[in-house]
Amino acid sequence: MGIVSWIVLGLLAGAIAKFLLPGRDPGGLIGTTLIGIAGAFTGGWLSAKFLDKPIGHEFYDPATWGSAIAGSLVLLIGYRILFGNSRD
C-alpha cells in the first residue's frame with residue numbers, strides 16, 4: 001500500500017474509532033481525522049514490530065484494518081486523557 005492508501009485507511013479508521021467512542025473530542029473533526037491517520041501508521045508499525053504480523057499490501061486485508069482501528073482507538077483514548085474535554 002502506498003502513502004495515499006494509508007491516509008485513506010487512517011481517515012476511515014478514525015471515523016470508525018469515533019463511532020466506537022462517541023463524545024466530544026478536544027480537537028473536533030480535524031483532530032479526530034489526524035488521530036485516525038496517526039493511529040493507522042502506529043497500529044501498522046506495532047503489529048509488524050511486536051506481533052510479528054507484517055501488514056499486507058492489500059487495502060482490504062482484515063489485519064490491516066484491525067491494526068489501524070486499534071491504533072486509532074488507543075490514540076483517541078490517550079488524547080482524551082491528556083487533553084480532556086476542552087469543548088465544554
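Helix α3 is followed by G84, whose phi is positive, near 60°. Helices here are DSSP runs of H or I of at least four residues, and strands are runs of E of at least two, both numbered from the N terminus. The model is predicted: local features need pLDDT of at least 70, side-chain atom pairs count only at pLDDT 80 or more, and totals for chains, interfaces and linings use all residues. Residues are numbered from 1 along each chain as its sequence is written, and side-chain values use heavy atoms, with hydrogens and water left out.

**Overall architecture and confidence**

The chain has 3 helices and 0 strands, in the order α-α-α from the N terminus on. Its average pLDDT, the predictor's confidence in each residue from 0 to 100, is 77, and 81% of the residues score at least 70. Where pLDDT is low, the predicted coordinates should not be read in detail.

Of the 88 residues, 33% count as buried; buried means under 20% relative accessible area, exposed over 50%, and partly exposed in between, with a 1.4 Å probe and protein chains only. The chain exposes about 5,400 Å², of which carbon and sulfur atoms supply 73%. Contact means heavy atoms within 4.5 Å. Among contacts between residues at least 6 apart in sequence, 78% join residues at least 24 apart.

The expected span of a helix is 1.5 Å times one less than its number of residues. The table sets out the two helices on this basis.

| Helix | Residues in helix | End-to-end C-alpha distance | Expected span |
|---|---|---|---|
| α1 | 18 residues | 25 Å | 26 Å |

In α1, the buried residues are W6, L9, G10, A13, G14 and A17. They cover an arc of only 140° around the axis, taken from the directions from the helix axis to the C-beta atoms, which puts them on the same side of α1. On the other side of α1, V4 and F19 are exposed. An α-helix has 3.6 residues a turn, so residues three or four places apart point the same way.

In α3, the buried residues are T64, W65, S67, A68, I69, G71, S72 and L76. T64 counts as buried because its relative accessibility is 0%. Its C-alpha lies 9.8 Å from that of W6, although T64 and W6 are 58 residues apart in sequence.

A nonpolar core is a set of buried Ala, Val, Leu, Ile, Met, Phe, Trp, Tyr and Cys residues joined through side-chain atoms within 4.5 Å. The largest such core holds 7 residues: W6, L9, A13, A40, W65, A68 and I69. The elements that give two or more residues to this core are α1 and α3.

I35 is found in helix α2 and is buried, with a relative accessible area of 11%. Not counting residues up to four places away in sequence, I35 touches S72, L75, L76 and Y79. The C-alpha atoms of I35 and S72 are separated by 6.2 Å, and the two residues are 37 residues apart along the chain.

Note on methods
Accessible areas come from the Shrake-Rupley method with a 1.4 Å probe; for residues, only the protein chains shown count as cover.
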